[in-house]
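The following exercises concern a single protein chain.

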Amino acid sequence: MQLLKGQKTDVTKGRNLNELILSFGWTVRNAEMGIDAAAFLLSEQGKCERDEDFIFYGNPVSQDGAVIHAATGNGDKESITVSLPRLSQKVDRIALTLTIYEGEQLNHRMKDVSRLYVRLLDRQSGEGLHRFDYGSDLAGNSDSGRRVIPA
């Protein structure tokens, strides 16, 4: 199902899901531009309570093993896998971000990123559940830092 900007959906409704994969893809104008996906495991207060709750290339696995960051090679650039049964009860929500590595220092901007998407898959069946394409949303954006991906 193709998601629209601002749309909310219950990904588990009517499904017996255990593991989800969030796969990210994009194209950059400059081959030297590095983009990194990350996940923040948030408490009920909307906070990332500990450094270990920030999952990215430098900390690729959550303490409980429920959230894993990985580079991929199947057309997607990076993925974040979430094991729902293993996820700590302290995690109320997961926020996702994309960051340009040293964007300010290298003068790299989100407007130089195109064909950005995130897709949600059932890990067990491989079925694509949802997909969001950013289209021209980044075209007018000159940010060099983070872009929060709606979860």
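**Exercise 1.** Is Arg119 buried, partly exposed or exposed? Determine also the setting of its salt bridge.

*Solution.* The model is predicted.
Step 1. The relative accessible area of Arg119 is 24%. Buried means under 20% and exposed means over 50%, so Arg119 is partly exposed.
Step 2. The side chain of Arg119 meets that of Asp76 in a salt bridge, with 2.6 Å from N to O.
Step 3. Arg119 lies in strand S7 and Asp76 in the loop between S4 and S5; the pair, 43 residues apart, links distant parts of the chain.
Step 4. Asp76 has 4% relative accessibility and therefore counts as buried.

**Exercise 2.** Describe the secondary structure and the open sheet, and identify its edge strands.

*Solution.* Step 1. The protein contains one helix and nine strands. Along the sequence they follow the pattern β-β-β-β-β-β-α-β-β-β.
Step 1. An open sheet is formed by five strands in the order S4-S5-S1-S7-S8, with antiparallel pairing.
Step 2. Strand S4 (67–71) and strand S8 (128–133) each have a single partner strand, so they stand at the edges and one side of each is left without a neighbour in the sheet. From one strand to the next, the twist averages 15 degrees.
Step 3. Within this order, strand S1 (residues 19–28) and strand S7 (residues 113–122) pair in the antiparallel sense over eight bridges. Thr27 stands opposite Ser114 in S7.

**Exercise 3.** Which residues have the most contacts inside the largest nonpolar core, and which strands each supply at least two of its residues?

*Solution.* Step 1. The largest nonpolar core has 29 residues, and those with the most contacts inside it are Phe24, Val67, Ile80, Ile94 and Leu98.
Step 1. At least two residues of this core come from each of S1, strand S2 (35–42), strand S5 (78–83), strand S6 (93–100), S7 and S8.
Step 2. Take Val67 as an example. Leaving aside neighbours within four places in sequence, Val67 is in contact with residues including Ala39, Leu41, Ile55, Ile80, Val82, Leu87 and Ile94.
Step 3. For the protein as a whole, 38% of the 151 residues count as buried. Of the contacts with a separation of 6 or more, 64% are between residues 24 or more positions apart.
Step 4. The accessible surface comes to about 9,100 Å², and 46% of it belongs to carbon and sulfur atoms.

Notes:
Residues numbered from 1 in each chain as written. Predicted model: local features only at pLDDT ≥ 70, side-chain atom pairs only at ≥ 80, totals over all residues. Heavy atoms only, no water. Helix = DSSP H or I, 4+ residues; strand = E, 2+ residues; numbered from the N terminus. Buried < 20%, exposed > 50% of the residue type's maximum accessible area, 1.4 Å probe, protein only. Contact = heavy atoms within 4.5 Å. Areas by Shrake-Rupley, 256 points an atom, 1.4 Å probe, with all protein chains shown as cover. Pairing = 2+ DSSP bridges. Axes fitted to C-alpha atoms, helices over the stretch in contact; angles between N-to-C directions. Core = buried A, V, L, I, M, F, W, Y, C linked by side-chain atoms within 4.5 Å. Salt bridge = Lys/Arg side-chain N within 4 Å of Asp/Glu carboxyl O.
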